[in-house]
Amino acid sequence: MAEDQRATDAICAYLQADVAARASGFDPFLDALTSLAEDDEDEARSWGRRAVSPLLDYSSLLELRRFVLPAKAARGSTKALRLAILGGPTTNQLRRLIELFLAGEGIEVEIHEADYGLFRQEILTPGSGLDAFRPEIVFLATSARDVGRVPLIDMDEEAVCRMAAAEVADWVRLWETVHGKWNAAVLQNNFEIMPGGALGHYALRHAAARQNYLERLNRLLVQSAPSYVVFHDLRGLAAEAGARAWFDPRFYLEFKMPCGSECLATYGHSVACLVRAIVGRSKKVVVLDLDNTLWGGEVGDLGPGGIRLGQGSGEGEAFLDFQRYLKELRDRGVLLAVCSKNDEDKAREPFEQRADMILKLSDISCFVANWENKADNLRSIARRLDLKLDSFVFVDDRPAERAVVRRLLPEVAVPDLPADPSGYIQALAMHRYTETVAFTREDLSRAQYYAENARREELASRFSDIRSFLASLGMRMKVEPVNALNIERATQLINKSNQFNLTTRRYTLAQMHEMAAAGDWRTLTFSLRDNLGDNGLIGVVLLRKAEKSLIVDTWVMSCRVLQRGVEQFARNELVELARKEGCDRIVGTYIPTAKNALVKDHFASLGFEPLGAEGEQTSWSLSIHDLVEPLAHYIERDAAHG
Amino acid sequence: MDDVDVRKRLQKIFRDVFGDPTIEIRDDMTAKDIEGWDSLAHVDLIIAVEQKMKMKFAVADISLLKEPGQNVGSFLRLIQQRLGS
């Protein structure tokens, strides 16, 4: 036991440390994991998972992999995401890294890997291994070497255009086949572009030059892609990693590897982060320290005029750049919060008094400045925003604060920051915490919602009785089936919702398209407006018609609109739908997970009768007859759209 | 780096790559003598040596190591050659 304790202590010390200390601590960390694994493989695995980081090199990641994904452990449970990796170049190295990075995020996958270069055959041949696997996501891990048509150097622009169109049409056909056969989402690399070539700088003016042609293909591919195709920017990744390292040809020549060995970890991590985004598990909140994180120096000592920020010094401009980066994140829907050890009034002064602050108080969805420990403050921010800590990133320049949060809140992502603020953006961006696969209108205004919600809560506290409060909100609901305009947001909600989710079934965009078109499926989406603003699409119900029953396959709602009668409204809509369809009952199931206890009594509270239980899982039924009374609520149906 | 040092470091790399802390490398060892030394592990081994010894093999070295008759001894000599050059 004492030995296990020592091992656990060594492991914790490694996980709390910053990157510099971790480098020398990696071997002792693995030794500790080894000794722990002898007694308890599961515990070693859960510690090992936390050490998975894009900062580790290829060899270290593979050593770690032995603990995180032991070969003999049973894998591929029914819940695992089925991911096919179809390479142009060989994908053996990449596959193991993708699997590891996903395991690090707690995402279980079953992987089907095609042999090198056989991606077209796997997709097009009936009865291929891929066919039997029934992928949910197909990653086309292709490279510029997989381009089928390459122009001759003396072709004119018109001929190059025709060739590019024919080439892109081939790729579109592959995507359509994947989508048609397995209803899978497609993850498609664009083409990496190696600088240089026989034409030198003149290549820019010559359509048939390799770089120009590949750029044209990349543009055309994106323009021709349906929404079930998600692009992985291999071109950008190669540039980010550095062309000399990426295009190191030795490993391609000998092993047909997709890039230089130094870049494999970056590549695998980048793909894993996109898969994480597809399943709706990207981070949602960035919590920021203030002193020496958003500006230089301590505002408590220097005052708002004395902190180092703004034009005139390189350091001051570096903080501006970092703020600008964060502002962009905020503007595309990532929430920002502040967690600072300061007196609150002093902490607010730079925001209130300095015109050159790029981040404004209105950009901060939750502002906490006090002298409590930051782990407690993060918990309270999570409560106030009504979001889980596993969707949080904590950014603080002080290693001690990072260590506290890493120790007490392991579910929070805590990137290292370098001592020099000019490296902050890179230090945060390299983790790809907030990848997104669809940019919906709701993303743009999400931060605003949370501000509006705070106002709604304030209103609620002024009304002694909830009914007069709800009536005062002037809620109007638009009810529509899943359609081309809302399908991305509906899919996002289905994959993101954990708490208000009766069955936690996840569907890809491709599967949603299929359901929306299928004869026996009925879909309902709910979008709510009130006097304080637009909540956007906040609920989705997917139903399957089976003879005279309407079966609730999926019922998800945004937790933002709890306690506002939306459930009652939706239940009435279901009853109306059942009547219209000639059904005599609605059947629902509650499948419990670690996160959805909130809706355990959902069906009971809406007047459903228990049908039975299977373990923790319960089923419910509501019979439709003339006497089903509509449930009371204060929401008007939006006739203009409904 | 002297020969003993390179040998010691290569031994550590073998242990890490194959996940076996008991491996003692000998010059006459070949892929058959070490469990798990398949073509995939061979790539991992080459990458690990390059990363940990901060050196680069030439393409011809990499093909050479795949040929029959090659063993840990020839691997070691190649590393020393590349480190020296």
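Guide: Two residues are in contact here if their C-beta atoms, placed from the backbone, lie within 7 Å. The model is predicted, so local features need pLDDT of at least 70 and side-chain atom pairs count only at pLDDT 80 or more, while totals for chains, interfaces and linings use all residues. Residues are numbered from 1 along each chain as its sequence is written, and chains are lettered from A and ligands numbered from 1 in the order in which they are written.

Visitor: How do I read a sheet, and in which order do the four strands of the open sheet in chain A lie?

Guide: Strands of a sheet pair through backbone hydrogen bonds, either parallel or antiparallel. Helices (H or I, at least four residues) and strands (E, at least two) are DSSP runs, numbered from the N terminus; two strands pair if DSSP finds at least two bridges between them. In chain A, the four strands follow the order 8-7-6-9, with parallel pairing. Strand 8 (364-370) and strand 9 (392-395) of chain A are the edges, each pairing on one side only.

Visitor: How many bridges join strand 7 of chain A to strand 8 of chain A?

Guide: Six bridges join strand 7 (residues 335-341) of chain A to strand 8 of chain A. Val338(A) has Phe367(A) in strand 8 of chain A as its bridge partner.

Visitor: Which strands does helix 17 of chain A lie across?

Guide: Helix 17 (residues 374-385) of chain A lies across strand 6 (285-288), strand 7, strand 8 and strand 9 of chain A. Helix 17 of chain A runs at about 150° to strand 8 of chain A; axes are lines fitted to C-alpha atoms, for helices over the stretch in contact, and angles run from 0 to 180 degrees between N-to-C directions.

Visitor: And a helix pair: at what angle do helix 3 and helix 4 of chain A pack?

Guide: Two packed helices are described by the angle between their axes and the distance between the axes. For helix 3 (residues 41-51) and helix 4 (residues 58-68) of chain A, the angle is about 150° and the axes are 8 Å apart. In helix 3 of chain A, Ala44(A), Arg45(A), Gly48(A), Arg49(A) and Ala51(A) meet Leu64(A), Phe67(A) and Val68(A) in helix 4 of chain A.

Visitor: How many residues of chain B are in contact with chain A?

Guide: 13 residues of chain B are in contact with 13 residues of chain A. On the chain B side, helix 2 (39-53) and helix 3 (59-66) of chain B are the elements that give two or more residues. Helix 2 of chain B has the largest share, eight residues.
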